[in-house]
Amino acid sequence: MSYHPNSVLRRARVARGLLVAAFTLLGGAFFRAQVLQNEEFVLRSESNRLREVPLPGARGIIYDRHGAIIAENLPGYSVSILSPTTDSLRSALKSLSRVIDIDSAQQALAIRRFRAAPTRPAVIFNDASFQVVSVLEERRAEFPGLIIQSSPKRYYPDGPAVSALVGYTGEISEKQLAMPRFKEYKAGQQVGREGLEVQYEAQLRAREGSRFVEVDARNRVVRDNGVRPEVQPEAPPPLRTNIDLDLQRYAHEYFGDSLRGAVVALEPQTGGVLAIYSAPSYDINRFIGGVSSSYYRELQEHKYKPLFNRALSGRYPPASTWKLATAVMGMELGLVTMDTHMEQPCTGGYYYGRVFKCWDKRGHGDISLAQAIAKSCDVYFYQLGLKIGLTKLLAGGVRLGFGDSTGIDMPGEKTSIWPASRAYFDRRYGPRGWNPSVVLSLSIGQANNSQTPLNMARFYTALATDGSAATPQVVARTPERKKLFDLSPDQLKSVQLALADVVSRGTAAGAQIQGLTIAGKTGTAQVPPEKDYAWFVGYAPADKPKIVLAIIIEEGEHGSTAAKVATKLMERYLKAKLTMTAVTND
């Protein structure tokens, strides 16, 4: 069959056009795939053969005011495993459990980590022992998806001494991962828990690095070096605090295993926190890498609750340490001076509907306000409280900050309890369910008055300086001072002299330190059915205060007990400070 030449030419042109179009389309597709979308397809290819392995960074080191280490990092090991599916991970964990001890809880946790981040190796141990690592290295060929690498481990050289202060770190929880502020975190990473570790998480957190390993179709590691350049982790700058670690250690040493209570020490001018200690304490190093259930249960079931931070969250009747607040209010209102005597001398009790006893059954006789502070006479302050009146006493307590928290840069602080007005009593007891004689108990630091050691320390910084108190700060920043009361310089000086008399010849006379003048106030808080709690809040040196210290000893029975410990702590701090100054000058 023959075709007309024109028909052949026409068909040739159509065929040529089809071929050109086909090659143009193919060329465009090749250009797009190999040039325009090159990075995407290379990434897909690499994602099939490469797996990212995170390189944990070291958290920021925490220092005290002299450069001593509060929290640091030691070399540790992490063990993780690459797996394509949950079922294969279960199978791998089952095989591993025949070689090393991996209980059901650890296996379940590893699976949860994998589900939260399936593209990352599932962490089995955040803090593996050298023995576990040695066993796994010997049998590594049996577990081709296994990844063993060095990982910084948080360490606190003075663990139990700083437990109430620094907190600890732990693995981020699933609940936290869902929070917006943790959007940059991944499953298995460490975050701060409690104390400074959580308060300054943003500053202490390291930037995670990464390396890559090459895997086959079954996710078995076939090459783990030189696959792709590593991204090194970035460590944050250190966190420098106002803490005096030597004083912190000394508080722990003094409380030992026999005493329970709390210590708070502040710099009066700046509010800098020199020490925060709570007893009984616990070893925070045992929380790193995951606390054992037996140890955690032991702490939870402990009779004296070592996990409870008494310095920040413990609220106690301030007892006679609060009498200085009553005295300040009376002086501000012009009701008394340090030389003022009350209408009724102290005979061991005061009648107001019933007999309200003084702590000294023998009585203190006819004394002035200055003597009443030194001797801690309850009868004197009963009468002063009545002069002030309940309404003004309540309002004055609010102005002095006894119903507030201090605003310290630490989590977990409890707001102190102080009635803001008579309405507090109406709500709690009903309009006719309470007696106005409550003013007598409030005036001596009992009844509906519960203060934290931290809040009492803050109040005494105002007594030690100019009537204003700085916000307590663990990490140094510009001090924020608030005026608590307005006394003239002469009035304030008379208060300070009376506080010095407490230690020189009053209820804390047995706690004197030779060569050191100390001012402060004892307190004996009634906490039925337990034995009385012992308070002391004071400062030293009395003429140029450098430290304000509040201490409470549960079941210490008398404020003089607390005073003896407090003055020893003050002496330790001031002597160390003098020694350091001398060395610096040399």
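## Basis of the description

Helices (H or I, at least four residues) and strands (E, at least two) are DSSP runs, numbered from the N terminus. The model is predicted: local features need pLDDT of at least 70 and side-chain atom pairs count only at pLDDT 80 or more, while totals for chains, interfaces and linings use all residues. Residues are numbered from 1 along each chain as its sequence is written, and side-chain values use heavy atoms, with hydrogens and water left out.

## Domains

For the protein chain, the domain assignment gives domain 1 (5-36), domain 2 (50-57 + 76-151 + 209-239) and domain 3 (319-401 + 417-450); such bounds come from an automatic or database domain assignment. The centres of domain 2 and domain 3, taken over C-alpha atoms, are 65 Å apart.

## Cavities

Rolling a probe the size of a water molecule over the atoms shows where empty space is left. On a 1 Å grid over the protein atoms alone, a cavity is a set of points where a 1.4 Å probe fits but cannot get out, whereas a pocket is an open set with protein on both sides within 12 Å along at least five of seven lines; lining residues have an atom within 4 Å of a point. Grid points are joined across faces, edges and corners, and a volume is the space filled by probe spheres set on the points. Three cavities of 30 Å³ or more are present in the structure.

The largest cavity has a volume of about 610 Å³ and a lining of 35 residues, with Pro56, Ser151, Gly188, Gln189 and Gln190 nearest its centre. At least two lining residues come from each of β3 (69-81), β4 (122-125) and β5 (146-155). By class, this lining holds 13 nonpolar, 13 polar and nine charged residues; Ala, Val, Leu, Ile, Met, Phe, Trp, Tyr, Cys and Pro count as nonpolar, Asp, Glu, Lys and Arg as charged, and the others, Gly among them, as polar. The second largest cavity has a volume of about 40 Å³. Its lining includes Met342, Pro345, Cys346, Asp366 and Tyr380, and divides into six nonpolar, three polar and one charged.

The largest pocket holds about 790 Å³ of space. It is lined by 28 residues, and Phe287, Gly289, Gly290, Val291 and Ser292 are the closest to its centre. The elements that each supply at least two residues of this lining are α4 (104-116), β4, β5, β6 (168-171), β7 (190-193) and α11 (293-301). The lining comprises ten nonpolar, ten polar and eight charged residues.

The second largest pocket holds about 540 Å³. Among its 24 lining residues, Trp359, Asp378, Ile444, Thr524 and Gln526 are the closest to its centre. β14 (355-357), α15 (378-388) and β17 (519-525) each contribute at least two residues to this lining, which has seven nonpolar, eleven polar and six charged residues.

## Five-stranded sheet

Five strands form an open sheet in the order β12-β11-β19-β18-β17, with antiparallel pairing; two strands pair if DSSP finds at least two bridges between them. β12 (273-279) and β17 are the edge strands, each pairing on one side only. Neighbouring strands of this sheet are turned by 5 degrees against each other on average, direction ignored. Axes are lines fitted to C-alpha atoms, for helices over the stretch in contact, and angles run from 0 to 180 degrees between N-to-C directions.

Strand β11 (residues 261-266) is joined to β12 by six bridges, and the two run antiparallel. Val263 stands opposite Tyr277 in β12. Helix α10 (residues 245-255) packs on the sheet, touching β11, β12 and β19 (547-553), and its direction makes about 25 degrees with that of β12; contact means heavy atoms within 4.5 Å.
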